[in-house]
Amino acid sequence: MGSLFKKLTRSQLAIPLFALFLIVIFNLIRDPEFFSIAIATNNDGNTVLTGNLISIFNGASAVAILSIGMTLITSSCKGQDISVAAMAAIAGSVFVSVLRSNEITIPVILLAFFLSCVVAALFSLFNGVLVAVFKIQPMIATLILFSAGRSIAYWINGGATPTVSSPLLTSIGGFIPGIPIPTPIIIMVVFLILITIVLRLTNLGLYTQVVGISERTAHMNGISPVRIKLIAFIISGVCVATAGCITVCRIGLINHETLLLDAEMDVILSVAIGGNALSGGKFNIYGSVIGAYIIQALTVTLYAMKVPSAAVKAYKAIVIIVIVVFSSPVVKDFVFRTYKKLFKKQAEKEVQAKAA
Amino acid sequence: MKKGKDLLTEKRRKKPREAISNTNLLMTITICTFIGMYMIAMFVWGGGFLNPQQFLDLFNNNAFLIIIACGLTMIMISGGIDISGGGVTALVTMACVVYLEDHGGTVAGSIFMALGIGLFFGLLHGILVAYLEIQPFIVTLAGMFFARGMVTIVSIAPRTASHEAFLNLKQMRITIPGLGYYGKTGIFIPAQIELGVVIALIVVIAVAIILKWTRFGRNLYAVGGNSHSALTLGINVKRTKFYAYLFAGILSGIGGYVYLLHTGAGDAANATQAEMQAIASNIIGGTLLTGGVGNVIGTLFGTLSLKTITNIVIASGLTKPYYQSITTGLMLCFFILLQSVILAVREKGAIELLPEWLRPGKKDKGQG
């Protein structure tokens with residue numbers, strides 16, 4: 001029992017899982033029906049699953065995908081990319097402009113997605129070169145695209161907010177006929193499985209952590225920190241394009257000003273809530289994904305409590321502060337020591353009792 | 001090497017020329033860029049740029065940004081980051097307007113309120129970052145969310161101040177003697193600055209003095225440069241960081257009040273992206289996010305440069321907003337690359353490429 005507790009508290013996922021658990025319990029007490037899933041028929045005549053749980057998973061999928069790339073960048077570069085949302089706007093604009101100039105069929109969608117991946121990867125690579133080659137801090141290097149990115153998207157769109165509508169796109173952003181689960185959730189799961197396979201089958205995960213912990217050591221062991229960082233940025237670029245395209249498909253238009261607005265903050269938060277150190281080193285992708293779901297669950301809960309949408313941020317901030325305080329090393333250490341003291345005393349008492 | 005005795009006697013006459021420090025070098029580049037940019041603008045576009053009022057409007061419109069950026073400079077020198085400045089500014093404007101309008105507040109009361117809000121955020125950030133060792137980005141991000149959310153809780157609709165004593169304070173203008181321009185009717189209109197500009201300049205000077213001549217300021221550089229060696233030297237690292245956040249919080253409060261003095265309205269959209277502009281000003285001004293390098297005078301000129309480039313873009317006929325942010329991005333890119341290259345060249349070899357006064361002191365001794 002003791003060792004299990006120890007393992008749990010030492011695990012990186014302890015705090016995020018506990019926070020998620022608390023949110024679930026809170027909602028169940030507040031409204032036992034909160035997590036009930038109903039089967040309904042949507043406007044297109046498909047049978048679909050509806051409910052708060054589905055909307056949490058659906059709503060968080062873009063941020064969760066972005067947080068995968070951010071975790072890799074955070075781990076290897078010891079900093080965060082704050083331009084992901086702006087780059088998603090660029091990727092979305094490329095996606096829409098390709099779709100608008102062609103008839104929308106599946107190969108065209110795939111081509112558009114591929115092109116937006118390439119563009120996002122190139123922009124991300126620009127950040128990566130600044131960070132890895134010129135040794136500029138990630139946050140500052142990405143501040144360039146943060147301030148210019150949405151304007152580039154505006155330029156690609158020619159200053160308008162073009163719309164695209166096609167049953168194919170609705171099935172990507174909403175539901176595929178016959179499958180009751182929202183497609184973004186499926187894409188998210190597929191993406192996570194792909195990343196897991198890549199990290200398990202190659203040494204990328206290990207190398208990323210080594211570069212994040214000590215660049216010198218990595219260099220001495222024949223790992224090129226520059227290459228690892230660039231790979232992290234390219235993967236992040238693909239994540240950005242995927243998230244951007246999903247969001248475009250969901251809302252059916254590209255608005256460079258509001259597409260995934262403030263998502264970069266949510267993404268960095270989900271990385272931090274997931275127990276990853278923002279100063280680089282060890283990482284856990286699943287922690288980040290859980291972090292994204294925590295944030296979305298929190299938002300949905302607050303909406304369900306009829307908090308006005310603009311005020312949600314304030315309550316979110318309070319919960320975030322509570323979570324980070326509990327996961328801070330100082331508090332963790334304190335709790336651990338207190339627990340040890342109590343546990344030791346008990347053990348001593350038992351020993352004394354036995355001796356007696 | 002000279003003996004100590006010689007140095008003492010010949011100190012005045014033959015002071016060995018020291019290599020310029022990173023901080024001063026980066027600051028000099030910024031100041032030169034700003035002056036050069038403004039000169040070129042004056043010659044090429046003339047018109048508005050020759051008008052002293054437009055130059056002073058650069059200060060009038062951005063006084064709050066200068067104040068926030070000064071607070072951020074302290075934090076960045078200590079190796080941290082603060083992205084809550086814009087949110088706190090918006091909260092202060094809204095809270096003060098609501099207090100003045102709905103609760104029959106006084107001007108003095110509203111000033112205390114602004115300082116109090118700033119102090120609250122400063123305390124919160126300071127305790128969480130310095131004593132609980134939570135990453136500053138996350139703490140101040142939460143602070144920003146909290147402030148932005150609180151604005152809408154205080155009042156969703158934008159509010160305008162109509163409090164008489166406050167409006168008198170808001171209308172207060174300080175005329176600069178000798179400067180001015182001739183209006184269309186040929187009447188001489190003297191150039192004016194707002195009260196906020198005076199506050200901003202006082203803040204800049206105060207922070208510059210703190211950084212240069214107080215123990216706290218020197219500790220900030222030490223902590224930012226290498227917190228571990230600062231600790232072994234007996235500097236209270238935690239307290240230094242705590243005070244940096246505390247000061248920055250109070251300055252955000254002051255910045256919010258200055259913003260209110262400029263616009264006279266509380267709005268949830270006030271000071272949007274001000275935190276990022278403050279960070280950009282600091283970077284252009286030569287403050288490094290790694291800590292230990294930076295100067296508040298550079299920050300002042302960084303803010304001015306950032307805003308001058310926007311004016312130039314507008315003056316050259318590219319009035320669409322997206323040109324402005326693209327040029328801002330390009331300017332940031334230029335400065336970031338320049339700093340990175342300069343620092344890399346100064347740290348590593350390639351010293352022969354540089355003029356003598358640019359070479360770092362240590363290497364000179366080693367070679368000599």
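Reader: What percentage of the 368 residues in chain B do buried residues make up?

Author: This is a predicted model. A residue counts as buried if 20 or more other C-beta atoms lie within 10 Å of its own. In chain B, 46% of the 368 residues are buried. The secondary structure of this chain comes to 15 helices and four strands.

Reader: Is helix α6 of chain B enclosed or in the open?

Author: Count its buried residues. In α6(B), 17 of the 19 residues are buried, so the helix is largely enclosed by the rest of the structure. Helix α6(B) covers residues 136-154 and reaches 26 Å from its first C-alpha to its last, close to the expected 27 Å.

Reader: Which residues touch the most other members of the largest nonpolar core?

Author: In soluble globular proteins, nonpolar side chains tend to be buried together. Here the largest nonpolar core has 203 residues, and Leu66(A), Ile90(A), Ala91(A) and Ile67(B) touch the most other members. Helix α11 of chain B, residues 237-263, gives the most to this core, with 15 residues. Beyond its neighbours within four places in sequence, Ala91(A) has contacts including Val119(A), Val240(A) and Gly244(A).

Reader: Which way do β2(B) and β3(B) run, parallel or antiparallel?

Author: Strands β2(B) and β3(B) run antiparallel and are joined by six bridges.

Note on methods: Residues are numbered from 1 along each chain as its sequence is written. Chains are lettered from A and ligands numbered from 1 in the order in which they are written. This is a predicted model: local features need pLDDT of at least 70, side-chain atom pairs count only at pLDDT 80 or more; totals for chains, interfaces and linings use all residues. Helices (H or I, at least four residues) and strands (E, at least two) are DSSP runs, numbered from the N terminus. The expected span of a helix is 1.5 Å times one less than its number of residues. A residue is buried if 20 or more other C-beta atoms lie within 10 Å of its own, exposed if 12 or fewer, and partly exposed in between; C-beta atoms are placed from the backbone. A nonpolar core is a set of buried Ala, Val, Leu, Ile, Met, Phe, Trp, Tyr and Cys residues joined through C-beta atoms within 7 Å. Two residues are in contact if their C-beta atoms, placed from the backbone, lie within 7 Å. Two strands pair if DSSP finds at least two bridges between them.
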